[in-house]
Protein chains: 2
Amino acid sequence: MTAPQVVPAVPVPAGLERFSFNQATAQHWPLEEVVAGCAGAGVPGIGLWREPVGEYGVQRAARLVRAAGLTVTSLCRGGFFTTDDWRTENLRAIEEAATLDCPVLVLVAGGLPAGSRDLDGARNRVADAIAELAPHAAAAGVTLAIEPLHPMFCSDRCVIATLGQALDIAERFDPGTVGVVVDAYHVWWDDTVYHQIARAGDRIAAFQVCDWITPLPEGVLLGRGLPGEGCIDLRRLRTAVDAAGYTGPIEVEVFHAGTWARPGPEVLADSVHGYLEHVL
Amino acid sequence: MTAPQVVPAVPVPAGLERFSFNQATAQHWPLEEVVAGCAGAGVPGIGLWREPVGEYGVQRAARLVRAAGLTVTSLCRGGFFTTDDWRTENLRAIEEAATLDCPVLVLVAGGLPAGSRDLDGARNRVADAIAELAPHAAAAGVTLAIEPLHPMFCSDRCVIATLGQALDIAERFDPGTVGVVVDAYHVWWDDTVYHQIARAGDRIAAFQVCDWITPLPEGVLLGRGLPGEGCIDLRRLRTAVDAAGYTGPIEVEVFHAGTWARPGPEVLADSVHGYLEHVL
């Protein structure tokens, strides 16, 4: 197997020092192309997803991004603790993050089991599962980052619905082992969010941005806007995250059917533009 | 003008003493028919909406429900404080509630003004507007009931997204003048909701129930289930509301395109059934 071609290093353009492009923003851009696109644009970081990485091969993907001079800023995602194989899948995800030299594994907790109305029970199981995974993550040098999802996903994707809830769990562990994701899309509506960001401090393991636009589409998953297209005060959130002590990457992560239908390079360029204009 | 025909009184069936049918649950059932349907089924209360009541005539609607022996448990809705004519519209809504002998006017705050990202500003304007309306409501004997809406409506319908936020505003006023609505659909996901219900105490001016089902439809407004169809622990919420001291009506209020397409009497019967099985 030959090593991937090394993409010539491009100096990081001013303002993009912390910028990371989450590959899900251009869902249909093949891994080799998105990596080349980011490297060619001087983008320093990339957020990856387990499915495309797994299809490409984890070791091979690790070599690809390394050769391109990119840093993997997060791997999405572990979690879904209500599935039968959550333990196996999450241990595998920790290993994949380590292979990718990725310091952060994003955890999306999962929703209620089918037919259940026991929200407290589901939430307790999330905390128990993270306690079980934490030693494995610590051994692998990977931070488990609990991502609260917007409450509209509470029943079917993530019973952790606020940053406060995520911190209630994370604070039981060492900050290097269990942290939180602050994703603007999921937390912007919360009148306690600035208090919770300050509380989070060095627990902030990842910061992701996109924008809130309406009407929401059926299923509400693919309704996110690029930074600047919606009503979230992204700069205020970024400033608060910085003030809490976070100095890490800022990922643009957008799910939108219309955006996904566009050519990857255009989506990357618009993500950079939105970041510079509305986040930085 | 002749008075509407008095519907023969039907004894309230066991278990329905606090039941109220919100007319929006059977959106296309004409007012005279839904009133007759409720009275004929022994349902003691009805929740009304300003639009159909206005079309029928407010005084005439008041006579209709009175003749049927029904209590109007709430009027939806005032609020939308970001519209230009909010003051006129809300003063009119207070007057309409008084005319209907309805003790509760539900307030839905409204979303962000077009193009705005100033969520704090919008929230402050809600509090200011309620302060301005409160003396008028007190004079009319109508309680203004602030309804927190699910955070998925924060940008376009209601910047008040949690019960805690609603109480932060309500607590500035006399409990008889400004209270809150506890609507299961909007608050069930909140890990602080049981604490906030206990805090609310005699501020609970209305309690509404329906169920959370997925996938949410486009626009997310018409995705509510009848009690029992979804994942909300309605009985636990009802028990908490009771424990907080609330002894008032319990309204079934469902917005769902499929439910709206069905004959009103069937929807009423299913609402009663869901209430008896999953709420009481």
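How many residues does the contact take from chain B and from chain A? It takes 35 residues from chain B and 35 residues from chain A, where contact means heavy atoms within 4.5 Å. This is a predicted model, in which local features need pLDDT of at least 70, side-chain atom pairs count only at pLDDT 80 or more, and totals for chains, interfaces and linings use all residues. Residues are numbered from 1 along each chain as its sequence is written, chains are lettered from A and ligands numbered from 1 in the order in which they are written, and side-chain values use heavy atoms, with hydrogens and water left out.

The size of an interface is often given as the accessible area lost when the parts come together. Here, chain B and chain A bury about 2,600 Å² between them, with 57% of that on carbon and sulfur atoms. Buried area is the accessible area (1.4 Å probe) that two parts lose on being put together, summed over both. On the chain B side, Arg117(B), Trp189(B) and Asp191(B) supply 25% of the area buried against chain A, more than any other three residues.

Now for chain A itself. An unreviewed UniProt entry carries the annotation "domain: Xylose isomerase-like TIM barrel" for residues 38-269 of chain A; such annotations may be inferred rather than shown by experiment. Over residues 38-269, chain A is 41% helix and 18% strand, and the end C-alpha atoms sit 10 Å apart. Helices (H or I, at least four residues) and strands (E, at least two) are DSSP runs, numbered from the N terminus.

Two packed helices are described by the angle between their axes and the distance between the axes. Axes are lines fitted to C-alpha atoms, for helices over the stretch in contact, and angles run from 0 to 180 degrees between N-to-C directions. Helix α4 (residues 86-99) and helix α5 (residues 119-140) of chain A pack at about 25°, their axes 10 Å apart. α4(A) and α5(A) are therefore roughly parallel, a label for angles under 35 degrees. Among the residues that meet are Trp86(A) and Leu91(A) from α4(A), and Leu133(A) and His136(A) from α5(A). The residues of this α4(A)–α5(A) contact split into 8 nonpolar, 2 polar and 2 charged. Nonpolar covers Ala, Val, Leu, Ile, Met, Phe, Trp, Tyr, Cys and Pro; charged covers Asp, Glu, Lys and Arg; the others, Gly among them, count as polar.

In another pair, the axes of α8 (residues 193-200) and α9 (residues 234-243) of chain A come within 8 Å and cross at roughly 30°. That makes α8(A) roughly parallel to α9(A).

Most residues other than glycine have a negative phi, and most peptide bonds are trans. A cis bond joins Cys76(A) and Arg77(A), with omega about -5°, and Arg77(A) is in strand β3 (residues 71-79). Another cis bond runs from Thr214(A) to Pro215(A), with omega near 0°. Pro215(A) lies in the loop between β8 (211-212) and β9 (224-225) of chain A. Val220(A) has its place in the loop between β8 and β9 too, and its phi is positive, near 55°.

Methods: Parallel < 35°, antiparallel > 145°, perpendicular 65-115°, else oblique.
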